[in-house]
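Here's a quick tour for anyone meeting this structure for the first time. Have a look at the sequence and the fold, then come back for the walk-through.

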Amino acid sequence: MTTPTVPDDAARLLRETAGPYELLGACSPDPTGRTTVWEIRTGDGSRLFAKRHKNALMHQRETAAYRHIAPALGPGRAPTLLAEDGRTLLVVTTALPGVSAVNAALSPAEECEVYRQAGLLAARIHAHPTSSGVVGERLPWNQERERALTRARDALLSAEDTEVLAEATRTEPPHTALATCHGDFGPRNWLVQHQGADLIVGVIDFERSQVEEPVRRDLMRVMLQLTPHRPDLRAAFLAGYGRDLTADEWTACRAWAAIDCPAALRWAFDHHHDEEILGYARTVLDQLRRPASTV
């Protein structure tokens, strides 16, 4: 993190929300290097975050999620929205204690507990009424497929790997039920903290939340990107989720993983060859080379 000056509009919203504050740091998830998140400490010692969204849709998604989804997850499971400004695309939230599950030092048993609680949180998110969420776009399957294969070629995937994706997306997957979804559900956005002997998992970053099929992103990511080589984590997640996936959901997860793979590669290349995301893409390609029944 760096410590730049807070922009005037963000500083004004922070003062209106929290009074005098100390800037602790800032970060830039944007590949352009533009600072979009500022961490502060208030006069009473509380940590808060100000965040500027990339566009109005992400602002709408995240503010709606903090108002409607976050409270349903339970105390300490998600940040609380304190202020927002749709004109400047800024929000101010509480800071959720803990560290990202990607960076947490965990024993195998603790990893399983993280995934069990992640499954529980996913189930609560997916059970939330869809009436308050932004409905995600779903293109006709042939358009989704052509866009993915174009991205694969742009990412300079080998002809063999591109053909693997082409075969995996040849048939449109079954449609499954719509639900409220997080949209970027994974260890980077799971915060882990210890409270005495207890391990508590929370979730952050709802700017991609929307109403869609959970197999499109949330379940696909866990099943096809994160757990293929860790059956213990997959079992823990499903235990928390409360059920196994149906045959249609497994089929759809596989197809959507093939659609997502080139986009993940493009994101990783744009973010300094992010090895974590590149690993997800390699895992998916490995799974797609195998018969569907072995995934």
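How many bridges join strand E8 to E9? There are six, with E8 covering residues 190-195 and the two strands running antiparallel. Keep in mind that this is a predicted model.

**The three-stranded sheet**

- E6, E8 and E9 make an open sheet, lined up in the order E6-E8-E9 with antiparallel pairing.
- On the edges sit strand E6 (99-100) and strand E9 (198-203), each of which pairs on one side only.
- Between E6 and E8 there are two bridges, and these strands run antiparallel. Here Ser-100 stands opposite Leu-191 in E8.

- Helix H4 takes in residues 108-127 and lies across E8 and E9, at about 45 degrees to E9.
- Quite a list of H4 residues is buried, including Val-114, Tyr-115, Leu-121, Ile-125 and His-126. Gln-117, Ala-118, Gly-119 and Ala-122 are buried as well.
- What do those buried residues pack against? They meet helix H3 (70-73), strand E7 (179-181), E8, E9, helix H7 (218-226) and H8.

**The five-stranded sheet**

- The other sheet is open too, with five antiparallel strands in the order E1-E2-E3-E5-E4.
- Its edge strands are strand E1 (21-27) and strand E4 (81-85), and each pairs on one side only.
- Ignoring direction, neighbouring strands in this sheet are turned by 20 degrees against each other on average.
- Strand E3 (residues 47-52) is joined to strand E5 (residues 90-94) by five bridges, with the two running antiparallel. Within this pair, Arg-52 stands opposite Leu-90 in E5.
- Helix H1 (residues 8-18) packs on the sheet and touches E1, strand E2 (37-42), E3, E4 and E5. The direction of H1 makes about 40 degrees with that of E5.
- Helix H2 (residues 56-68) packs on the sheet as well, touching E3, E4 and E5. The direction of H2 makes about 155 degrees with that of E4.
- E4 and E5 pair in the antiparallel sense over four bridges, and Ala-83 stands opposite Val-92 in E5.
- The hairpin of E4 and E5 has four residues between the strands, and there Leu-89 takes a positive phi near 60 degrees.

**H5 and H6, a pair of helices**

- Helix H5 (residues 141-154) packs with helix H6 (residues 159-168) at an angle of about 170 degrees, and their axes are 10 Å apart.
- Are these two helices roughly parallel or roughly antiparallel? Angles over 145 degrees count as roughly antiparallel, and H5 and H6 are therefore roughly antiparallel to each other.
- Where they touch, Arg-145, Leu-149 and Ala-152 in H5 meet Thr-162, Leu-165 and Ala-166 in H6.
- Sorted by class, this contact of H5 with H6 has four nonpolar residues, one polar and one charged.

**Helix H8 and what follows**

- Helix H8 runs over residues 231-241, and Pro-231 is found in it.
- Is Pro-231 buried or exposed? Exposed counts as over 50% relative accessible area, and Pro-231 has 59%, so this residue is exposed.
- Pro-231 and Arg-153 are 78 residues apart along the chain, and their C-alpha atoms are separated by 32 Å.
- By contrast with Pro-231, which is exposed, the buried residues of H8 are Leu-233, Arg-234, Ala-236, Phe-237, Leu-238, Gly-240 and Tyr-241.
- After H8 comes Gly-242, with a positive phi near 100 degrees.

Technical notes:
Residues numbered from 1 in each chain as written. Predicted model: local features only at pLDDT ≥ 70, side-chain atom pairs only at ≥ 80, totals over all residues. Heavy atoms only, no water. Pairing = 2+ DSSP bridges. Contact = heavy atoms within 4.5 Å. Axes fitted to C-alpha atoms, helices over the stretch in contact; angles between N-to-C directions. Buried < 20%, exposed > 50% of the residue type's maximum accessible area, 1.4 Å probe, protein only. Parallel < 35°, antiparallel > 145°, perpendicular 65-115°, else oblique. Nonpolar A, V, L, I, M, F, W, Y, C, P; charged D, E, K, R; others polar.
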